[in-house]
Amino acid sequence: MREGSPFGSAVALAIAFASAASPSLAGTHPDVAPAGLGAAEGEYGATACSQGAAWNGRLQGGIPMEVKGEHHQLHGGRARQRTAWGTPDMVALLKRAARVVGTSVEGPPLVLGSISDQDGGKLGRHKSHQTGRDVDILFYVTDPSGARKRALGFYEFDGQGNCLHKRCRGWTFDVQRNWWLVRTMVWSKRPEVQWIFVSDPLQRLMLAYAARRGEHPEIMRRAKKVMAEPGNSSPHADHFHVRAYCSAADKRRGCRDGGPMWDWIRKPARN
Ligand SMILES: [Zn+2]
């Protein structure tokens with residue numbers, strides 16, 4: 001699909017929903033179901049899923065990401081699945097985001113790295129990834145001819161979006177598809193997304209693209225807060241690291257968030 005049409009269809013959708021008397025922003029994004037169609041909170045049962053903090057916690061009753069789907073695959077295939085267990089909400093978000101991008105801007109599947117071990121806890125050299133709410137995602141890329149290709153690995157990209165690794169010389173960061181992934185993530189209601197770690201220059205490339213395309217101002221505002229280059233680890237010029245907030249149900253059972261609660265995040269109901 002050529003540039004231009006995806007945002008055109010999003011605008012058309014927004015207008016369609018607006019005329020259906022929906023006062024909220026719901027409906028400005030294809031990822032958002034009309035009110036009433038969402039799954040009930042805590043539908044995955046009484047077992048706690050995400051416990052503790054992202055960097056000191058466990059995962060119970062998580063589910064594994066499939067090795068391959070129509071719009072996604074695990075980097076490293078079956079061997080990766082051992083570390084691709086997430087909360088049901090996280091796994092659902094990844095499948096949904098991959099589908100939204102894959103059907104909005106046609107191309108090869110989203111490539112995923114690790115989420116968590118089956119029961120969470122320390123995962124290799126990662127500081128976080130302990131509770132099924134953190135995931136590493138390879139960038140969408142294009143080859144030297146401009147054709148969209150499947151990401152080959154965790155390769156670093158410079159501030160102009162050029163791959164720096166010798167195995168992907170001439171390849172570039174697919175700004176359009178990567179932005180579609182980001183906008184889907186920041187608009188997710190379940191789970192709500194706290195962070196998308198990615199380097200400052202790559203953020204700027206995506207935000208400039210989005211601004212040129214006339215992106216919705218609320219999506220722009222959220223993306224500017226949620227995207228961050230971490231100060232205490234790698235600048236994330238070679239992959240996205242996405243962290244979801246605890247669900248309200250998990251929070252009641254010991255899931256702990258750290259850091260900012262963005263102003264659009266729903267407060268858990270008191271009871
Ligand atoms: Zn990570």
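Trainee: Which residues are buried in H5?

Mentor: Bear in mind this is a predicted model. In H5, the buried ones are Leu202, Leu205, Met206 and Ala210. They sit on the same side of H5, because they cover an arc of only 125 degrees around the axis.

Trainee: And which exposed residues does the face turned away from that buried side carry?

Mentor: Arg204, Ala208, Ala211 and Arg212.

Trainee: How many residues does H5 have, and how far does it reach?

Mentor: It has 13 residues, 200-212, and reaches 18 Å from first C-alpha to last, close to the 18 Å expected. Glycine 214 follows H5, with a positive phi near 75 degrees.

Trainee: Switching to the largest nonpolar core: which residues touch the most other members?

Mentor: Leu94, Leu112, Val182 and Ile196, out of 59 residues in that core. Helix H3 (88-104) is among the elements giving two or more residues, as are H4, H5 and H6. H3 gives the most, with eight residues.

Trainee: What does isoleucine 196 touch?

Mentor: Leaving out residues up to four places away in sequence, Ile196 touches Val182, Met185, Val226, Met227, Phe240 and Val242.

Trainee: Last one, on E1 and E2: do they run parallel or antiparallel?

Mentor: Antiparallel, with four bridges joining E1 (residues 50-53) to E2 (residues 56-59). Serine 50 has leucine 59 as its bridge partner, and a hairpin connects the two strands through two residues.

Definitions and conventions
Residues numbered from 1 in each chain as written. Predicted model: local features only at pLDDT ≥ 70, side-chain atom pairs only at ≥ 80, totals over all residues. Pairing = 2+ DSSP bridges. Expected span 1.5 Å × (residues − 1). Buried ≥ 20, exposed ≤ 12 C-beta atoms within 10 Å, placed from the backbone. Arc of directions from axis to C-beta. Core = buried A, V, L, I, M, F, W, Y, C linked by C-beta atoms within 7 Å. Contact = placed C-beta atoms within 7 Å.
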